[in-house]
Amino acid sequence: MNIYISGISGTGMGPLALMAQGAGMTVFGSDRQPGAVTGELTENGIKIYLGEQDGEFLKARAKCEGVDWFVYTSALPEDHPELVMARKLKIKHITKRDELISYLIKKLKLKMVAVAGTHGKTTTTAMIVWACLQLGIPVSYLIGTTLPFAPAGQYDPKSKYFIYEADEYDRNFLAFHPWLAVIPVVTYDHPDIYPSMQSYQEAFKQFEAQSEMVIHGDEIAADVTLAGEARRYDATLAIDAVLRIMPEARGLARFTNSRRKKVVEAINNFPGVGRRFEQVSEGYYSDYAHHPEEVQATVQIALEEAERRGLKGVVAVYEPHQNTRQAGVIDDYKDAFTGLTKLYWLPTYLTREDPKLKTFRPADFITRLTNKKVAEPAEIGEKLGEELLKWHEKGYLVLLMTAGPADAWLRKLVYAGNQESAATRFVHAPRSAAEGSDR
């Protein structure tokens, strides 16, 4: 079967392409520009067209190899040239990714372990995958980010389980009936899809009703030693999930102290995931947080990490994501940045916006903070880079939180060329004595 994926370089579609290829399908696709998993895709021989998605690459693939299934993202408008071309070509299957995932699960006879929630789902999913791989448990999986220890998506022919980060956006997760649903935190998000807290919670109730088993997090295990309360919370859930996945040893119950000890040991050595408190260079971290509760949890992780390493404190840069989202949560930022030494607030990264809404400026957010005196509006650029450099040289942990282009900007600063500039000095800035041999 030949699969064409529109938007293939994204963290949602790229891993699906890798899994489909691993399951024996021929996969190709297009995207406007390279994404987080483009390298993994090309290294695996998947043909990608990067540039204007005018439908010509799809037309050529349909003519040369044939296309059985056209998969597109929720972000694709109905009049998108590739979607229009797919219909014109009368491709048999034209669907969003959920239907392809459901098809793969059924075809490969896998049990789905779906991790869903407003926050924590990426990290929890990655922890489950990490522990299973460390313990030698064959699993197939899809996760919406890059991993430092494995591909972002994979099919293992020996696996019985499929670990999946189930996204509630556009009600995607309601397409599935998991064997096990793992739910870290449910609050409220995506007001453009769910008009009220009640409608959001009802979607999760439906998801739970569709699942054979459901586990929630309600406490933190004492033997989990990862930095940050939020990560320890996610880790506790991941341990419970892995214990359910582990094959039963002959004559032993599934939940025994010795088996649990092995899982906890693996989780405590979890190396993290891309864009989830990821250290992009010594003392510089990037995180995907773009919702008040995620932000607050990430700030607490950073504060704990700074204290653990003997640093003076935390300086953060924040780029909100989607004005439509911020309209629903703007008042929830009040205490999200408590504990920071300095906060630079960038303009909101705008995508899929409602033109009728007022576009909030950084000052609109800052005035609502309890610690507004530490915050100031900022723009991506050399001035901000110079200021972050100075904070870093003084012995502060620098944290960027964004779901937008600010992440690429920070990485460019960190990995800049050899010329002597603020960007270059990001790479060579000396570590404080306190950072010493902690790595």
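Predicted model: local features only at pLDDT ≥ 70, side-chain atom pairs only at ≥ 80, totals over all residues.

Trainee: What makes strand 8 and strand 11 edge strands?

Mentor: The open sheet has 6 strands in the order 8-7-9-6-10-11, with mixed pairing. Strand 8 (153–154) and strand 11 (213–216) each pair on one side only, and that is what the label edge refers to.

Trainee: Which strands does helix 7 touch?

Mentor: Helix 7 (residues 197–209) packs on the sheet and touches strand 6 (111–115), strand 10 and strand 11. Its direction makes about 150 degrees with that of strand 10. Helix 1 (residues 13–22) lies across strand 7 (139–142), strand 8 and strand 9 (161–165), at about 150 degrees to strand 7.

Trainee: Why is the pair E65 and K47 called a salt bridge?

Mentor: The cut-off is 4 Å between a side-chain nitrogen of Lys or Arg and a carboxyl oxygen of Asp or Glu. The N to O distance for E65 and K47 is 3.0 Å, so the pair qualifies. It links distant parts of the chain, with E65 in the loop between helix 3 (56–64) and strand 4 (69–72) and K47 in strand 3 (residues 47–50), 18 residues apart. By this rule the count comes to 19 salt bridges.

Trainee: Why are E65 and K47 both called partly exposed?

Mentor: The label covers values between the 20% limit for buried and the 50% limit for exposed. E65 has a relative accessible area of 30% and K47 one of 44%, so both fall in that range.

Trainee: What makes K96 and D170 a salt bridge?

Mentor: Their closest N and O atoms are 2.6 Å apart, which is within the 4 Å cut-off. K96 lies in strand 5 (residues 93–96) and D170 in the loop between strand 9 and strand 10, so the pair ties together parts 74 residues apart in sequence. K96, at 28%, and D170, at 25%, are partly exposed.

Trainee: Where do E282 and R309 lie, and are they buried or exposed?

Mentor: E282 and R309 meet in a salt bridge at 2.4 Å, N to O. E282 lies in the loop between strand 12 (278–281) and strand 13 (284–287), and R309 in the loop between helix 10 (292–308) and strand 14 (313–319), so the pair ties together parts 27 residues apart in sequence. Both E282 and R309 are buried.

Trainee: Why is the phi of R275 worth a remark?

Mentor: Most residues other than glycine have a negative phi. R275 is not a glycine, yet its phi is positive, about 70 degrees. R275 is found in the loop between helix 9 (257–268) and strand 12. Its relative accessibility is 16%, so with a limit of under 20% R275 counts as buried.

Trainee: Why is K90 called exposed?

Mentor: Exposed means over 50%, and K90 has 73% relative accessibility. K90 lies in the loop between helix 4 (81–88) and strand 5. K90 also has a positive phi, about 55 degrees, although it is not a glycine.

Notes
Residues numbered from 1 in each chain as written. Heavy atoms only, no water. Pairing = 2+ DSSP bridges. Helix = DSSP H or I, 4+ residues; strand = E, 2+ residues; numbered from the N terminus. Contact = heavy atoms within 4.5 Å. Axes fitted to C-alpha atoms, helices over the stretch in contact; angles between N-to-C directions. Buried < 20%, exposed > 50% of the residue type's maximum accessible area, 1.4 Å probe, protein only.
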